[in-house]
Structures are given as C-alpha cells and as structure tokens.
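Let us take a friendly walk through this structure together. Have a look at the sequence and the model first, and then read on.

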Amino acid sequence: MKVLLRTPLSRYSGYGNDGIGLAEALTRWGCDVYLQPTHLDAPLPQQVANLLTKELKAPFDLYLNHIDPMQLACSDEVARNVDVSVGWTMWEYSNFGNMAPKDRRTLRKRLKNFDAVVGYSDVDPGCLRPYYKGPIFVQQGGFDPANWPFMFDRDWDCPEFRMAMIGVLNERKDPWRAIEAFKLARAEDPEFWRWARLSLKTTAPGLHHKIEDLYRDNDPVTGEEFTSLRVFYDIWPTEVVQEFYKVQHLLLAPSRGEGKNVPALEFMSTGGTVVATNWAGHTQWMSGLYAYPLDYTLEPMDEAHPTTLNARASVKHLSERMLYAFHHRSEVRAKGEMAAQVIPKAHSWDSVVEKLFLRLKCELPKEKAERLWALAQMARRDSQNEDR
C-alpha cells in the first residue's frame with residue numbers, strides 16, 4: 001500500500017512532531033511511505049530520514065496531507081495520481097474568521113479534490129463545512145508513549161504538592177489564568193500557601209523570572225525561605241522533561257484551545273493527572289475517571305474578531321480544582337494510575353492509524369473504501385508476518 005504523506009517534519013512544532021509520529025506509525029503498520037515534507041528540521045529519527053531518500057513515483061493508493069488549514073490542499077496533479085486523498089488538520093477557534101483573507105479565499109478550491117477531510121476535535125467540522133461538502137469526520141492525532149512509561153518512583157508522600165505547566169506558554173496556553181488561580185488558592189488556604197508549588201516551563205517570551213520574587217516567603221514557624229512559583233525558560237532534552245514530570249503531581253492546562261495537547265498525554269502516561277479546559281482537543285481524551293475537566297466560557301479571541309471564539313478557563317474553578325487536588329492526593333494518584341493504563345493504548349499513533357483506516361472504511365464511497373481497506377489489511381498482515 002503506497003502512501004504519500006505531505007506534512008512538516010520537525011521536533012520543534014506540533015504539526016512537525018505529529019508528522020514524524022504519523023510517518024513512523026504508517027511504516028510500522030506496513031505501508032510503503034513516501035514523504036513530501038512542507039518543512040524540515042534536523043535531526044530526524046533515522047527511520048524517517050531514510051524515507052526521504054525514496055523517489056516519489058506515482059501512482060499512490062493514499063495521499064495524506066497532514067497540515068494546518070492555511071496550507072491544506074490537494075492539487076489537480078496530485079488528485080490525478082492518487083486513488084484516495086485525505087486532508088487532516090486542526091483549528092483552535094470556533095471558525096476561520098481569524099485566518100488571513102488570502103488563505104480563506106483559496107480554501108474551498110484547495111479542499112475540493114479531497115475524498116475526505118479529518119479534524120482533530122469536534123470544533124473542526126463546523127469550521128470546515130462552509131468550505132467543503134464531502135465527508136468530514138473527527139480523528140485526533142496521536143503521540144508516542146515510548147518515552148513516557150509509568151513512573152513508579154513519583155513521590156506521593158512528600159510534603160510539597162507540585163503542579164506544573166509545560167510547553168510554549170503563550171497567550172493561547174493562558175499561563176496567567178493558572179497564576180491567578182494559584183494566587184486565589186494561596187489566599188484562601190494557609191496549608192496550600194505553605195506547601196503548594198507551581199512550576200511554569202516555557203520556551204515562549206512573556207513569563208519573566210522576576211515573577212518568582214512575588215512568591216518568596218518565609219515559613220512562619222521555622223523561618224525557612226521557600227519559593228512557591230518557579231519559571232523555567234529553556235529547551236530541555238527528553239531526559240530532563242522526564243525528570244520534570246516525575247516530581248510533579250498535577251499538570252495544568254487552562255488553554256484557550258488545543259488540537260490535542262501532547263504534554264497532557266505524556267504526563268498522564270507517566271501516572272500523573274491533568275486539570276484541563278473542557279473544550280476542543282481536550283474533549284477527545286478527557287474523562288472524569290482519570291482527569292479533571294475545567295469549566296470555561298467561549299469568548300471572542302480579540303476585538304478584531306468578535307465572532308471568532310475560543311475558551312477562557314474559569315479562574316475560580318481552576319482555583320477550586322487546585323485546592324481539591326491538594327487535599328485529595330490519594331484521588332489524584334488513583335486518577336493518574338488509571339490514566340497511565342488508558343492513554344498510551346488509546347492515543348498512541350499506532351492506535352490512531354488503525355482508527356483512521358476504520359473511519360475511512362465507513363466514510364469513503366463504497367468502491368474506494370473497500371479497496372483502501374483491503375490494501376490496509378494486506379499491508380498490516382505482511383508487516384506482522386515480517387515481525388514473526
């Protein structure tokens with residue numbers, strides 16, 4: 001089964017990481033993968049780098065364009081050389097009103113040749129439908145759980161209760177909501193004031209180390225100085241992120257919108273749990289059984305786009321969630337342990353690729369669906385036979 005995958009390939013962006021994970025998972029499935037990168041950053045995994053040496057020889061059984069809506073396209077030339085074409089994208093707003101006018105004007109033309117378009121969350125079909133009349137369905141992308149095994153040595157008995165945010169903590173991630181909620185909780189509960197800790201790990205400007213000075217205090221009994229809030233501004237290798245996760249008990253994600261939120265999936269795989277805005281991509285993995293949904297309101301993204309909405313997490317509810325987690329550590333631990341059982345299996349790229357083929361079997365026209373499904377099953381069987 002020949003698959004042409006057009007996507008960015010980079011460890012430094014969400015789409016780029018997803019492109020790498022998708023290429024690896026399609027290869028493990030047994031597909032003959034050909035890459036057409038829209039952007040590339042070294043280094044790449046050796047398996048993915050090897051695929052770049054393959055000459056693009058049409059025809060292809062499946063064309064997958066996994067990219068943002070501004071670049072999503074299936075040209076007439078590509079359409080003539082593939083049997084099935086699928087666009088796969090995500091958007092963190094209620095519509096495309098904030099998309100550059102030139103990109104929005106061309107969107108209908110760029111989408112017309114796709115046999116199906118896939119979104120990451122239930123928000124995406126509503127954005128896409130005005131521009132595309134074919135099959136649209138939701139299948140969130142995955143992540144690689146290999147580097148995020150369950151951490152048996154997380155210390156649940158230490159006096160400090162540690163919460164964190166990690167990622168590109170820009171306006172969309174809304175770290176200031178977490179800071180405000182943390183401030184409210186500290187003012188309400190002396191025990192939380194003394195023992196709760198918040199760490200903000202970011203690679204985006206906006207959070208300054210000076211904010212730590214506002215959270216330096218002295219223990220009223222011992223006089224010992226402590227800092228309740230820390231800011232880390234750096235790019236960390238996987239090993240350092242693993243150590244960071246291991247000392248945290250709760251991840252905070254009061255985001256205004258997500259396609260998926262990879263750090264949340266990683267952290268839950270290690271046995272931690274998450275408080276996350278219950279909107280957009282978070283809803284695809286959210287469950288009160290192993291995470292804490294966070295209330296929100298939908299509001300205009302800015303004054304220039306009054307009808308384009310995204311979420312604003314409730315500061316009050318986030319503060320309540322922090323306090324509750326602080327005083328119910330055994331429940332937090334139990335949720336994390338359940339998350340570690342559910343998330344890696346349900347949301348790995350291998351699982352996602354299987355779900356994608358099953359959905360295409362249901363959504364495509366009968367003849368194309370049956371042929372693609374048969375090819376996918378043959379590729380899978382051949383790959384499994386080679387592994388034996």
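Three bridges hold strand β13 (residues 273-277) and β14 together in the parallel sense; two strands count as paired if DSSP finds at least two bridges between them. One of these bridges has V275 on one side and Y292 of β14 as its partner. Helices (H or I, at least four residues) and strands (E, at least two) are DSSP runs, numbered from the N terminus. Please keep in mind that this is a predicted model: local features need pLDDT of at least 70 and side-chain atom pairs count only at pLDDT 80 or more, while totals for chains, interfaces and linings use all residues. Residues are numbered from 1 along each chain as its sequence is written, and side-chain values use heavy atoms, with hydrogens and water left out.

The pair belongs to an open sheet of six strands, ordered β11-β8-β7-β12-β13-β14 with parallel pairing. Which strands stand at its edges? They are β11 (229-233) and β14 (292-294); each has a single partner strand, so one side of each is left without a neighbour in the sheet. From one strand to the next, the twist averages 20 degrees. Axes here are lines fitted to C-alpha atoms, for helices over the stretch in contact, and angles run from 0 to 180 degrees between N-to-C directions.

Helices pack on this sheet. Helix α9 (residues 262-269) touches β7 (161-167), β12 (250-253) and β13, and its direction makes about 155 degrees with that of β13; contact means heavy atoms within 4.5 Å. Helix α10 (residues 315-327) lies across β7, β8 (196-202), β12, β13 and β14, and runs at about 160 degrees to β14. Its buried residues include V315, L318, M322 and F326; buried means under 20% relative accessible area, exposed over 50%, and partly exposed in between (1.4 Å probe, protein chains only).

| Strands | Sense and bridges | Facing residues |
|---|---|---|
| β1 (residues 2-9) and β2 | parallel, seven bridges | R6 and Q36 |
| β4 and β5 | parallel, four bridges | T89 and G119 |

Strands β15 and β16 form a hairpin, with two residues between them.

## Cores and rings

The largest nonpolar core has 40 residues, and M1, L26, L62, L64, W88, F357 and L360 touch the most other members. Such a core is a set of buried Ala, Val, Leu, Ile, Met, Phe, Trp, Tyr and Cys residues joined through side-chain atoms within 4.5 Å. Helix α1 (residues 14-29) gives the largest share of it, seven residues. Leaving aside neighbours within four places in sequence, the contacts of L62 include M1, V3, V84, F357 and L372. Apart from this core lies another, of 32 residues, among them I179, L229, M322 and F326.

How many aromatic pairs are found in the whole structure? The search gives 20. Rings of Phe, Tyr and Trp (its six-membered ring) pair if their centres lie within 6.5 Å; planes under 30 degrees apart count as stacked, over 60 as edge-to-face and the rest as tilted. Y245 and F267 have ring centres 5.5 Å apart and planes at 70 degrees, so their pair is edge-to-face. Y245 is in helix α8 (residues 238-246) and F267 in helix α9, 22 residues apart, so that the pair links distant parts of the chain. Both are buried, Y245 with a relative accessible area of 1% and F267 with 0%. One aromatic cluster is made up of F161, F182, F192, Y215 and F326.

## Details of the backbone

The peptide bond from A42 to P43 is cis, with omega near 0 degrees, and P43 sits in the loop between β2 and α2 (46-51). Another cis bond joins A58 and P59, with omega about 5 degrees; P59 is in the loop between α2 and β3.

D174 is a residue other than glycine with a positive phi, near 60 degrees. The place of D174 is the loop between β7 and α6 (175-188), and D174 counts as buried at 5% relative accessibility. N261, also not a glycine, has a positive phi of about 85 degrees. N261 lies in the loop between β12 and α9 and is buried at 9% relative accessibility.
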